[in-house]
Amino acid sequence: MLKYIAQRLAMSIPVFLGVATIVFLVVRVIPGDPAVAALGDYASKEAVEALRQRMGLDEPLPVQYVRFLGSLAQGDLGRSMITGTSIRDDILRALPYTLELTVLAIIIGTLLGIPIGVYTAIRRNRLADYIGR
């Protein structure tokens, strides 16, 4: 059992790196400059360039990628361009509500799903079966 868990955890590392790489590339490939998006279309060139430098967008793509992975490894998800707060803090603030909704959805789904499944299994290929599905 422990060996199986270790194998699954080892397999999750390439998956994590793959997802992180896809996210990094998609954000870089979409049209538009993130600095212009943050400051608006009427921002001065100096302000846009200063923000690009502060965000590290003026560096080569491989350097940006290594910094991106380093930040992820440290748990730094960056700052929201809208609110300016830490994204990690935003996630932690919303997590209790998300977990509450998830647990309630599982409970409701179980309480309704099992009886409906049993009822439709007993009345197979009848109207109740089709409605239950």
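Reader: Where is Ser86 found?
Author: This is a predicted model, in which local features need pLDDT of at least 70 and side-chain atom pairs count only at pLDDT 80 or more, while totals for chains, interfaces and linings use all residues. Residues are numbered from 1 along each chain as its sequence is written, and side-chain values use heavy atoms, with hydrogens and water left out. With helices taken as DSSP runs (H or I, at least four residues; strands are E, at least two) numbered from the N terminus, Ser86 is placed in the loop between helix 4 (61-73) and helix 5 (87-122).

Reader: Is Ser86 buried or exposed?
Author: Buried means under 20% relative accessible area, exposed over 50%, and partly exposed in between (1.4 Å probe, protein chains only). Because its relative accessibility is 15%, Ser86 counts as buried.

Reader: Which residues does Ser86 touch, not counting those up to four places away in sequence?
Author: A contact is counted when heavy atoms lie within 4.5 Å. With residues up to four places away in sequence set aside, Ser86 touches Gly78 and Arg79.

Reader: With which residues is Thr85 in contact, leaving aside its neighbours within four places in sequence?
Author: Thr85 also lies in the loop between helix 4 and helix 5, and its relative accessible area of 29% makes it partly exposed. Once neighbours within four places in sequence are left aside, its contacts are Gly78, Arg79, Ser80 and Asp90.

Reader: Which residue forms a salt bridge with Glu59?
Author: The count comes to two salt bridges. The closest N and O atoms are 2.8 Å apart, and the residue paired with Glu59 is Arg67.

Reader: At what angle do the ring planes of Phe24 and Tyr65 lie?
Author: Rings of Phe, Tyr and Trp (its six-membered ring) pair if their centres lie within 6.5 Å, and planes under 30 degrees apart count as stacked, over 60 as edge-to-face and the rest as tilted. A search of the whole structure finds two aromatic pairs. The rings of Phe24 and Tyr65 have centres 5.2 Å apart and the pair is edge-to-face, because the angle between the planes is 65°.

Reader: How many residues apart in sequence are the parts that the pair of Phe24 and Phe68 ties together?
Author: Phe24 is buried, with a relative accessible area of 3%, and it forms a tilted pair with Phe68, at 5.4 Å centre to centre and 40° between the planes. Since Phe24 lies in helix 1 and Phe68 in helix 4, the separation of the parts tied together, counted in residues, is 44.

Reader: Which residues form the one aromatic cluster?
Author: Phe68 counts as partly exposed, at 23% relative accessibility. The one aromatic cluster is formed by Phe24, Tyr65 and Phe68.

How values were computed:
Salt bridge = Lys/Arg side-chain N within 4 Å of Asp/Glu carboxyl O.
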